[in-house]
Amino acid sequence: MRKRSRKKKRKIFIPILVLIFCCVFTAMVARGWQEKQKKSKIAKANTADETVEINQSETTTEGQIEAISENETETTTAPETTPSPDEKIVYLTFDDGPWTGTPRLLDILDAYDVKACFFVTAQYMENDALVDMLKQIKDRGHNIGVHSLTHDYKKIYASVDAFLADYDAMDDIILKATGERTKLLRFPGGSNTGYNKAIRTELLQAVRDRGIVYFDWNSFDGDVEGKKGQELIDQTIKQVNANKHSILLMHDMPSTAFVHDAMPTIIERLKSDGYRFELLGMSTPPRQFAQ
Ligand SMILES: [Zn+2]
């Protein structure tokens with residue numbers, strides 16, 4: 001009798017055990033699927049974030065905020081925005097550097113929390129020193145574009161191939177320094193320089209075909225034309241004020257070290273004139289002398 005009862009109990013006990021196991025297993029699978037869905041939502045938000053401004057986080061869902069805060073820690077670069085036509089905006093650009101004096105300029109820009117685009121060359125630094133300086137420029141939130149490796153007009157404008165070879169050599173150094181290639185370019189002498197006349201149409205097309213955006217300027221501090229001190233400041237303020245959206249050309253190289261001295265006054269004056277400093281990047285409407 002006892003034996004039969006034990007057998008009966010076992011008969012009931014085993015299906016219950018199986019049922020409990022099935023329930024637990026189902027719950028675990030369901031939870032795993034939910035987690036997967038959540039992760040995929042965050043991944044989607046991350047991808048979307050690449051094309052939106054960081055400060056739009058106020059209007060996003062919880063998952064997106066999580067993704068955006070991750071994104072914020074990955075980059076120190078200020079978000080690029082499309083300017084409204086009524087705003088007074090100035091884009092600082094520095095050509096021809098870097099050189100050993102560049103950190104002083106970076107300190108001045110940091111003090112005012114202003115970002116700039118550096119169109120760089122390998123004229124004044126090379127090898128590891130150049131790579132380290134470019135990395136520092138990028139790490140401090142500025143943008144880097146190609147100006148030229150050699151800045152040798154006759155050599156780079158000898159043919160389209162010669163130009164692109166020079167561009168790629170500089171871009172390789174930028175890649176080594178920052179981990180990414182740049183698509184920002186400023187032609188030495190500007191896009192309409194007399195040196196590129198024979199190859200201009202073909203050259204501009206080749207550059208566009210590669211997705212490169214070239215930027216000329218609509219204001220200039222006069223530094224390589226002998227302007228210094230107050231004269232340089234006056235020309236800069238006057239030329240920037242001639243445009244609501246001003247792309248300001250300056251140089252950052254040993255022979256124009258005096259530009260650094262003028263920067264605090266230039267920044268303060270332009271701020272009091274109502275200008276906002278924006279970082280020139282791929283979304284900036286370009287100013288192009290030659291199309
Ligand atoms: Zn130059």
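Q: What spacing do the donors of the zinc ion follow along the chain?
A: In this predicted model, the zinc ion has the protein donors Asp96 (OD), His147 (NE2) and His151 (NE2), which lie 2.1 Å from the ion. Read along the chain, these donors follow the spacing D-x50-H-x3-H.

Q: Are the donors His147 and His151 buried or exposed?
A: Both histidines give their NE2 atoms to the zinc ion. A residue counts as buried when its relative accessible area is under 20%, and on that basis His147 and likewise His151 are buried.

Q: How many helices and strands are there in the protein, and what share of its residues is buried?
A: The protein contains nine helices and eight strands. Among its 291 residues, the buried ones make up 42%.

Q: Where do the buried residues of helix 7 fall when seen down its axis?
A: Helix 7 (residues 200–209) has the buried residues Leu203, Leu204, Ala206 and Val207. Seen down the axis of helix 7, these residues fall within an arc of 160 degrees, and so they line one face of the helix.

Q: Which exposed residues does helix 7 carry on the face turned away from its buried side?
A: The buried residues of helix 7 pack against helix 6, strand 4 (184–185) and strand 5 (213–214). On the face turned away from that buried side, the exposed residues are Thr201, Glu202 and Asp209.

Q: What share of the contacts with a separation of 6 or more is accounted for by residues 24 or more positions apart?
A: The count takes in contacts in the protein with a separation of 6 or more, where contact means heavy atoms within 4.5 Å. Of these contacts, the share from residues 24 or more positions apart is 79%.

Note on methods:
Residues numbered from 1 in each chain as written. Predicted model: local features only at pLDDT ≥ 70, side-chain atom pairs only at ≥ 80, totals over all residues. Heavy atoms only, no water. Donors = N, O, S within 2.8 Å, 3.2 Å for Na, K, Ca; no water. Buried < 20%, exposed > 50% of the residue type's maximum accessible area, 1.4 Å probe, protein only. Helix = DSSP H or I, 4+ residues; strand = E, 2+ residues; numbered from the N terminus. Arc of directions from axis to C-beta.
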